[in-house]
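Hi there,

Here is the structure I promised to pass on. My notes on its pockets and on one residue follow below.

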Amino acid sequence: MIVITDGSNPGAIPPRLLTMLERKTLTRKMASPMLYSYPSLDSLIFELKMRSHIVEAAKAMYASGVSFASFSNSRSNEQYWIRTPQGGFLLRPNVLPSDAVNDIFENGHLYAFECAGAIIIILYKAVLDAIGEAAFNRHFRNLYLISWETDHDLRLNATYNLNETYHGDTMYFKNPDYDRSTPEWQGENAIKLDDNLFFGHGIGIGSAGEMIEKLNRARMPGSMTSAYLDNLIITPDFEFVRQLVYREEEAAAL
C-alpha cells in the first residue's frame with residue numbers, strides 16, 4: 001500500500017500525468033501488502049518518472065554501440081574521462097558532468113565496460129534526465145564511474161523481495177557454476193524494463209529465461225546448476241535525488 005504522509009490520496013494522480021508503465025507500477029504498489037511511504041504526491045510522481053528515465057537510459061545504452069569489457073580492458077573517451085587503474089572512469093577537471101555522461105550515449109563506440117559499470121552509468125544518466133543539467137552539474141562535480149557496488153553518491157538501497165519489483169529496478173542474475181576462465185560471466189546486472197523484460201549489458205534485452213539461458217552457456221563444462229534470478233534489488237534513494245533540484249534552486253537564489 002502507498003501512504004502519503006501529508007494526507008494526499010495516491011489515487012488522485014491524474015492518469016494523463018503517467019505513462020502506461022508508470023500507472024502499472026502505481027497500481028501494483030497501491031495493492032501491495034508492503035508499505036510504501038512518501039512525503040507528498042510530488043515525491044511519488046518523481047519516483048515513477050525517474051524509474052521511467054532509468055528504463056529509457058537502459059534502452060539508450062543498448063542502442064549506443066558501447067562494448068562489453070572486463071574492468072582490466074575498459075576504455076572511455078579521454079576527452080571527458082581519466083581511466084583509473086581499477087578500470088573506472090574519473091571525470092576530467094573542467095569538464096561538465098552532464099556532457100561527460102551524455103557522451104557515453106552519443107559516442108558509445110569509444111567506450112567499453114562491464115555490467116556493474118553499465119548499471120551505475122545508466123543510473124547517473126537517469127538522474128541527469130530527471131533533475132536537469134544545472135542540478136546535476138552542481139552536485140556531481142567529482143563523478144567517478146566504476147560500479148554500483150562502490151557508489152555512494154546516489155545512496156543506493158538494497159531490498160530482497162522478488163514479489164516487489166518494478167520498472168527501473170536493478171536486479172541480478174547469478175551464475176554460481178560459471179566457468180572460472182571467464183569470471184565476468186559469474187552473473188549479470190540487469191535493469192527491469194517491464195514485466196519479465198530486462199536489459200543486461202553484454203547480453204542485451206530479453207526475458208528472465210533468455211538471460212538465464214545465455215548465462216548457462218558460460219557455466220563450467222558438465223555443470224547442471226542453472227543460473228537464476230537472485231532476490232537482490234537495488235534502487236537509488238529517489239527522494240534524495242528529488243531534493244537535489246530544490247538544493248539547486250536554493251543555491252541559485254543566494
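**Pocket linings and a buried residue**

The lining of the largest pocket is made up of 9 nonpolar, 5 polar and 7 charged residues (Ala, Val, Leu, Ile, Met, Phe, Trp, Tyr, Cys and Pro count as nonpolar, Asp, Glu, Lys and Arg as charged, and the others, Gly among them, as polar). Please keep in mind that this is a predicted model, where local features need pLDDT of at least 70, side-chain atom pairs count only at pLDDT 80 or more, and totals for chains, interfaces and linings use all residues. Residues are numbered from 1 along each chain as its sequence is written, and side-chain values use heavy atoms, with hydrogens and water left out.

The largest pocket has a volume of about 380 Å³ (a pocket is an open set of points on a 1 Å grid over the protein atoms alone, where a 1.4 Å probe fits, with protein on both sides within 12 Å along at least five of seven lines; lining residues have an atom within 4 Å of a point; a volume is the space filled by probe spheres set on the points, which are joined across faces, edges and corners). Of its 21 lining residues, Lys29, Tyr36, Arg51, Thr159 and Thr235 are the closest to the centre.

The second largest pocket holds about 210 Å³. Its lining has 15 residues, with Ala116, Glu149, Tyr172, Gln186 and Asn189 nearest the centre, and divides into 7 nonpolar, 4 polar and 4 charged.

Finally, Ile104 counts as buried because its relative accessibility is 0% (buried means under 20% relative accessible area, with a 1.4 Å probe and protein chains only).

Best wishes

Methods
Buried means under 20% relative accessible area, exposed over 50%, partly exposed in between (1.4 Å probe, protein chains only).
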